[in-house]
Amino acid sequence: MSEATPQFKVTIDNITIDVPAGTTILNAARMIGGDITPPAMCYYSKLKESGGKCRTCLVEVSKGSEKDPRPMPKLVPSCRTTVMDGMEVKNITSPKVLDARKGIVEFLLLNHPLDCPVCDQAGECDLQDLSYEHGAEGTRYDFPRRTFEKEDIGPYIQLHMTRCILCYRCVFTADALTEKREHGVLERGDHSEISTLLNKSLDNEFIGNVIDVCPVGALTDKTFRFKNRVWFTKPVDAHCTCSKCSGKARLWMRGNEIYRVTARKNKWNEVEEWICNDCRFHKKELKDWVIEGPSVIERTSVISQGHYVRTQPTPVLINKVIGKEPNFLLSIHDVSDVNRPEVSLSKIDGPAHSNDFKHK
Ligand code: SF4
Ligand code: FES
């Protein structure tokens with residue numbers, strides 16, 4: 001009989017949860033959900049080797065474990081650090097983490113072009129969301145951004161190397177889906193680039209999935225290019241009979257027109273099941289699909305702005321994090337003696353004057 005996995009107690013931003021030993025801090029935070037979950041630009045639960053590249057998921061470990069309560073000396077990547085029993089972690093309650101994350105966003109944006117208005121990923125780009133939530137207003141970088149020779153990587157996938165943040169997700173996806181290595185990261189340092197080696201087309205039947213795992217607009221769908229903005233399209237879950245994949249996909253529609261087909265994603269923006277190139281690039285007619293209904297969309301997503309139905313509310317955890325009900329509307333009278341609440345402004349003749357508030 002196999003032994004049951006021991007459960008470890010971990011506290012993240014003052015919220016305690018029991019998780020199986022071996023769980024990473026990031027996954028423990030995902031079990032709690034909401035704002036305390038660190039952002040992740042390179043980790044992808046489906047891809048074994050992923051994580052540890054981008055540093056957006058850094059957290060502070062203020063207590064190592066029950067046995068050894070010393071804090072960890074540096075911020076640690078939560079996607080690569082497993083919990084210990086009694087561990088205490090700070091994410092949004094740590095000014096150090098928030099400051100470091102701001103620096104990381106600035107770093108990721110050093111070479112990333114600010115071409116969101118013309119980028120097909122706009123509206124569903126993890127880097128765009130990350131920079132809205134954690135970025136600084138400006139950059140301190142004066143040097144020209146990286147440029148690359150244009151490379152054609154096949155009829156269906158558009159590579160914009162300047163937008164790539166070298167998260168390696170597409171490389172691990174290709175490794176997972178194909179028997180031989182189709183493409184990889186070439187060169188070193190700021191010369192690193194995703195390439196197909198020998199400019200060979202990515203012709204594997206499932207290779208379209210690299211588009212879905214890319215957190216930015218470095219890999220986009222050529223059949224959808226410049227056709228529509230994602231927030232004008234409505235995501236709908238649908239399935240078809242396919243001999244290559246499960247046939248379970250998400251259609252992005254406007255009226256009765258299917259603009260784009262993608263894999264279905266979960267609330268962490270990760271693909272649930274890989275779909276084949278046929279379903280993704282060739283089935284753009286309503287007759288190809290059996291519509292199941294509108295996809296569930298997080299309320300915070302820009303896609304839900306189009307009065308979309310079945311949006312999912314984001315859990316509100318702030319009272320657990322700060323240990324009391326938050327005071328969203330602060331009464332000035334509670335904190336200041338300057339005004340006198342018993343003075344009713346509507347009963348004063350004419351405009352209020354400092355004399356009206358003088359203590360008698
Ligand atoms: S192309 Fe996209 S998925 Fe691939 S490494 Fe660059 S950012 Fe990551
Ligand atoms: S998500 Fe953890 S380092 Fe990138």
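Q: How many nonpolar, polar and charged residues does the shell around ligand 1 have, by class?

A: Ala, Val, Leu, Ile, Met, Phe, Trp, Tyr, Cys and Pro count as nonpolar, Asp, Glu, Lys and Arg as charged, and the others, Gly among them, as polar. In this predicted model, where local features need pLDDT of at least 70, side-chain atom pairs count only at pLDDT 80 or more, and totals for chains, interfaces and linings use all residues, the shell has 12 nonpolar, no polar and no charged residues. Residues are numbered from 1 along each chain as written, chains are lettered from A and ligands numbered from 1 in written order, and side-chain values use heavy atoms, without hydrogens and water.

Q: Which residues are around ligand 1?

A: A residue is near a molecule if one of its heavy atoms lies within 4 Å of it. Among those around ligand 1 are Cys 164, Cys 167, Cys 170, Cys 214 and Val 216.

Q: How many disulfides does a search of the whole structure find?

A: A disulfide is a covalent bond between the sulfur atoms of two cysteines; the criterion here is a pair of cysteine sulfur atoms within 2.5 Å. The search finds 0. For Cys 116, the closest cysteine sulfur, in Cys 125, is 6.4 Å away, too far for a bond. Cys 276 is in no disulfide either, with the nearest cysteine sulfur, that of Cys 242, 3.6 Å away.

Q: Is Cys 276 buried or exposed?

A: Buried means under 20% relative accessible area, exposed over 50%, and partly exposed in between (1.4 Å probe, protein chains only). Cys 276 is buried, because its relative accessibility is 0%, whereas Cys 116, at 30%, is partly exposed.
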